[in-house]
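Please take a look at the fold first, and then we will walk through it together.

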Amino acid sequence: MPYYPKKNPLFKYKFGCEFEYSTPWQQTLDMVKPIIKKVYGSNCINANNSYFESINNKKWDLKLDGTTECELCTPVSKYSDLTKICKVIGSLDTKITESDSLHVHVDCGKIEKYAILAGWLKYEDVIFHLFPEHRRKNDSYCAKLIEKGKKQDLIAQFFENAVKECESHYTALSFSQTKRTIEFRIAEGTKDPVFVYAWVNFLLYFVEYCSKLDPTVAICKHIKEPNLQQMISDLNIYDPKVIEWLEARRSKFRKKSKKIS
């Protein structure tokens, strides 16, 4: 069950998840349809064996995907829906390969793009090291922003270039050009409900952090070595399950990075 403090600032954000699978569309439909019916009720999935864009989706969408077999998208959801999403995902026996990923869209409302960008650039390296190498080095679909900017650029120009990169849809953090949403693309594919719960929570904490951020101060303030504990403190993450997941992921992929090097 999610961790609910008396006043949870994460309640105000809407979000949606896109789960990619290497299981064929029809097999996935046969698997997921009864599960969604059990958790959400009847007539709560829109399944088409084709490529289509999810627009203001009030149901789950199952469709084809250009990089893998299929994509399962949640309805536009609020924080209290996260338990149901985790129940659905945790009940699936889908195939996950390195071709699959988890994308999360978050409604950023009136939060300034530069504030979100400043928060991301501050901790991008820390966040990237929570994920496996095939995601960290995937410039085709979730490129790192900090490597896109030129060090000699003025701060204003760097920000403008970074915003353009974010709107290209191929960076780990992407801005929608038509909606007030952010897409986080760095996560690998998963059917683990603990992963889904912790990662969605983290992203909502991150957006809440950015909502209070002065981008000029954030990008100019020197931090010698940003680290996970500092990020947890800055984002005011108080859910022990999320903290435990973050620390376990950092430990797991740090060890693997050392072995590779």
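Helix 1 (residues 25-40) lies across strand 1 (15-21), strand 2, strand 3 and strand 4, and runs at about 180° to strand 3. Helices (H or I, at least four residues) and strands (E, at least two) are DSSP runs, numbered from the N terminus. The model is predicted: local features need pLDDT of at least 70, side-chain atom pairs count only at pLDDT 80 or more, and totals for chains, interfaces and linings use all residues. Residues are numbered from 1 along each chain as its sequence is written, and side-chain values use heavy atoms, leaving out hydrogens and water.

- Seven strands form an open sheet in the order 2-3-4-1-5-7-6, with mixed pairing (two strands pair if DSSP finds at least two bridges between them).
- Strand 2 (45-47) and strand 6 (173-175) are at the edges with a single partner strand each, so one side of each has no neighbour in the sheet.
- Strand 3 (residues 60-64) pairs with strand 4 (residues 70-73) in the antiparallel sense over four bridges, and Asp61 has Cys73 in strand 4 as its bridge partner.

- Not counting residues up to four places away in sequence, Phe202 touches Ile127, Met231, Leu235, Ile237, Val242 and Leu246.

How values were computed: Contact = heavy atoms within 4.5 Å. Axes fitted to C-alpha atoms, helices over the stretch in contact; angles between N-to-C directions.
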